[in-house]
Amino acid sequence: MSKTMINRNRHFIKHLADKLRFSSSLSSSQVPSLTTTTRNPHQFYTSLFCTLIHLFLRCRRLSSAAAAFSAMRDFKYTPELATWNSLLHHFNSAGLIHQVMVIYQEMIFSGVRLNVVTKNIVVHSLSKIGEFDRALDLLRDNNDYEFMSDGVTYNTVIWGFCNYGRVDIGLGLVSEMIKRGVDCDSFTCNILTKGFCEKGLLENAKSVMETFCGDGNRDVVGFNTLINGYCKAGEVHNGLRLIESMVKDGVSPDIITYNTLINGFCEIGDFDSAKNLMDNLLDFNNDSGYDKANHITYTSLISGYCKQHQIEEALAVYKEMIAKGIEFDVVTHSCIINGLLKSGRLAEAKDLFHEMVRNGVDPNHVTYTNLVDFFLKNRSVMSAFSLQSQMVVRGIKFDVVVFTALIDGLFKNGRAKEAEDMFRNLLEYNLVPNCTTYSALIDGLCKIGDMKSVGSVLQQMAEKNVLPNVVTYSSVINGYVKSGMLEEAINVLWKMICENVTPNAFTYCSLIDGCLKAGKKETAAGLYEDMKKRGVENNIFILDAFTNNLKKEGMMDEAEALFQDSIFNGLLPDRVNYTNLMDGLFKAGKESSALKVAEEITAKNIGFDIVTFNALLNGLLKLGQYDVQSIYTGLQKFDLAPDHATFNTLIKAYCREGKLDDALKIWNEMKSYGLKPNLITCNILTEGLCESGEVDKAMELLNELSISGFYPTAVIHKTVLRAASATKRADVILSMHEKLVSMGLNLNLDVYQNLISVLCGLKMTRKATSVLQEMREAGFLADTVTYNALIRGHCRSSHLDKAFALYSRMLTERVSPNITTYNILLGGSTESRSMDKVSEILSEMKERGFIPNSTTYDVLVSGYGKIGNKKESIRLYCEMITKGFVPRLSTYNLLINDFAKVGKMKQAMELLNEMQSRGVPPNSSTYDVLISGWCNLSYQERSMKKLYQAEARRLFKEMADKGFTPSENSINQLSSVLAKPGKAADAQRIMDKIYKTKRG
């Protein structure tokens, strides 16, 4: 509530107090009833104020309660000790811990002699919010006999430590209790037992019961706590065995014992054991010593069925409750409503909701939370808000769970601001956010990339002593990974490990995937090894991350080995894993292995979905193994309906082979399946038609689509203009552009840049400059991409001065150049042999903080090679390799040619081997240069002639095996090498004939 509202409340309360003070000044004759009923007016007004405070607290008017207390103290009204303690208790219960401390200070200031009850309430408040230093100071303040800490005080602090997961410190306080002669009772034992159970340390919990309670002193609460711990850990049968220990200690199991066990069996899906407990243990008459099965018992069974998605069984138990006359409560109804919602049966859930209201069962915050959560997850935000309003009208208080569902749901619906406002509302309600709430907030902030706010929230958690869990940390790590901040993400991992929060497979998966995508394979491998050392089991998502990376790098042998190793170690890959592997194998040309994976999918009954089928289809189409009818038969066999990807794959395959009529047939076929061609379909077909020179057909198709409301995009515009540029006529290019605009093409920056880029590619810089002017008039400013296209055009036209003038203009207009800008200028300078300009550009790059990339080195190596400065060219090449860059094919060819020209064939062959080891395959030009080099060398060194000619023949065979056609120069030189003495002319005629046919 705002400060204005607080001041208004205080004004009202002071006004009331003034009236009371005025009344107290009246004589007994004026107010006879006052003197006869209340001998001490001060006590009466104090009591009145305290009653008012309690009423405000009960109505959740917390600010008004605080203001009333402040007003009471302003008028020096001082309650009795019991009333002080009552105020402390009620403010503590309302969650106003700050106000508890204010009241406590007022008690000390007023000279009230505090007792142990006062101490216990204050200690409870401090322990509740994790203020353990202050709580311990108060615990150990034992100067006054009446203020000495007792068992309740110690139990309260121990409870606080256990509640914050610090049960070891709580256990340490027991020794202090014993030293001070404070008895450890069953409450101490039960608190510690629960603390260890919450941490999953069941053996420790069991030891606590045996050590501190001993035989015969353990109670049913302690046993129930331990049984609940076993059930939560999934060890329900161990919990069941504890009943024997209970009987041995003379402790009778109660309904809570059996309900806990039944709920435990339901949680693990063992409904037979749950029913067996109901039938054989609970459904007796009261003489047997057992309570009858109650609504909680049945609700546990219903909840279990719902969690296992067995809604029909849950409804059957519900009907059984009706038949046996067992009354339902709101929890039973909420469980069934939640089950129906998770099964997608919204109408039935609504009917049950209205039925429970008609039957006089008021829905609570859990009922509403389930409905709100469902609507938010189904992107029906307004329906969720409507339910929120109903809660307000019904007076149902909002708790942390409701707020958490709203925060999480709003973030997932893209309404980040409203989600953050909801979190602020939670704080204004004086509710204490728990770890789940903070995790939802952090996850939402991470997904929108607001890592600065994430840091602030983590700081707030630390201040409020809310410990992050594995979900919290995993969200933070994922957020940093998505923001490209890998170092920060890894630091969070080490931090959580230091805080004894064990990362899970999803934590590692996010990091490993991020490192692989960033090219940090060694870091990813190190994280994977660390994961295995910590006993975290591999999962299908981590397998997918590694498979994707290996697929991207074409390392499918390693991907297959990883896959088989994962299966050997007990991992069961799913359909997505198999699909990914099969797709990678097809793309790597390992068709037989890919087909084996397809067979394995069938053999293991994993089954094909449409994505898997499309991956198989795409692979088969690339092999040329396709028949449209057999494809449709395959779809029917797997009971699959073709989707856009299926038809797009078929159309692309036909376009790739130039079968455009067949591609158009598929285009029409997809319409018969009720599928409208999408943007990808249109792009594929347009590209196919344009690459085949059928630009007019492409335009006809686009015109037809524009009539049906499908307009050309910037991508289609680029495809068409590139095809039109084959004419090398500006009028044709501009005409195509105008036609596309008339079809509904949106004139945006991308479109103008496409046009400028195509014109500059043809050295038509004047036309491009006119388009630039038109673009500016349309309200679009030239950016880096625009300037780069124009600068490239001037460089290609050998107008280097104009290129540099544009660069200067770019800087004047405060358009930032990028590395591409400098690479273009370097390329233009080296082509025109202006090496002085090269030095200037490199200096400018350095000043602006740009580091040369692979393209920079390619340009420089080629440039210096072309002007004959082989020494500098080789130096730059070595520097390029040292920095981890891989030269492009043209750079290797130039260097190989330089060595071959001067007869250094050994160095030329070393470069050939090196380029292949770096994944750069040679082309026909590479082989032409090498063959020519060996042939020329055989003429120069007669003694080595046969050896050099043998090397030329070997390269020729290798070239032919790879399907390359030698140049005329290579044919001329090879003729004499391959022919018998005196038959060189005949050999040349035969080779000319062979390769002329091949070229044709």
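Rings of Phe, Tyr and Trp (its six-membered ring) count as a pair if their centres lie within 6.5 Å; planes under 30 degrees apart are called stacked, over 60 edge-to-face, and the rest tilted. By this rule, Phe 132, Phe 161 and Tyr 164 form one aromatic cluster. This is a predicted model, in which local features need pLDDT of at least 70 and side-chain atom pairs count only at pLDDT 80 or more, while totals for chains, interfaces and linings use all residues. Residues are numbered from 1 along each chain as its sequence is written, and side-chain values use heavy atoms, leaving out hydrogens and water.

**Aromatic pairs**

- A pair of aromatic rings is described by the distance of the centres and the angle of the planes.
- The count comes to 21 aromatic pairs.
- Phe 353 and Tyr 368 form one of them, an edge-to-face pair with 5.7 Å from centre to centre and 75 degrees between the planes.
- Phe 353 lies in helix H20 (residues 346-358) and Tyr 368 in helix H21 (residues 365-377), so this pair ties together parts that are 15 residues apart in sequence. Helices here are DSSP runs (H or I, at least four residues), numbered from the N terminus.
- Phe 353 is buried at 7% relative accessibility, and Tyr 368 is buried at 0%. Buried means under 20% relative accessible area, exposed means over 50%, and partly exposed is in between (1.4 Å probe, protein chains only).
- The ring centres of Phe 403 and Tyr 429 are 5.4 Å apart with the planes at 70 degrees, so this pair is edge-to-face.
- Phe 403 sits in helix H23 (residues 400-412), and Tyr 429 in the loop between helix H24 (416-428) and helix H25 (435-447); the pair links distant parts of the chain, 26 residues apart.
- Phe 403 counts as buried at 2% relative accessibility, whereas Tyr 429 counts as partly exposed at 42%.

**A charge over a ring**

- Lys 837 lies over the face of Phe 804, 4.5 Å from the ring centre. The rule asks for NZ of Lys or CZ of Arg within 6 Å of the ring centre and within 35 degrees of the ring normal.

**Two buried residues in helices**

- Gly 170 lies in helix H10 (residues 167-179) and is buried, with a relative accessible area of 0%.
- Leaving aside neighbours within four places in sequence, Gly 170 is in contact (heavy atoms within 4.5 Å) with Ile 158, Phe 161 and Leu 192.
- Gly 170 and Val 157 are 13 residues apart in sequence, and their C-alpha atoms are 7.3 Å apart in space.
- Thr 46, in helix H3 (residues 41-58), is buried at a relative accessible area of 4%. Not counting residues up to four places away in sequence, Thr 46 touches Met 72, Tyr 77, Thr 78 and Pro 79.

- Beyond residues up to four places away in sequence, Ile 756 touches Ala 768, Val 771, Leu 772, Met 775, Thr 786, Ala 789 and Leu 790.
- Which residues of H44 are buried? They are Thr 765, Ala 768, Val 771, Leu 772 and Met 775.
- These residues cover an arc of only 110 degrees around the axis, which puts them on the same side of H44. The arc is that of the directions from the helix axis to the C-beta atoms.
- Arg 766 and Glu 777 are exposed on the other side of H44.
- The buried residues of H44 pack against helix H43 (749-761) and helix H45 (784-796).
- Just after H44, Gly 779 takes a positive phi of about 95 degrees.

**Helix H53**

- Helix H53 (residues 924-940) is mostly covered, with twelve of its 17 residues buried. Among them are Tyr 927, Trp 934 and Leu 937.

**Positive phi in loops**

- Arg 814 has a phi near 60 degrees, a positive value in a residue other than glycine. Arg 814 is in the loop between helix H46 (800-812) and helix H47 (819-831), and is exposed at 78% relative accessible area.

Methods
The expected span of a helix is 1.5 Å times one less than its number of residues.
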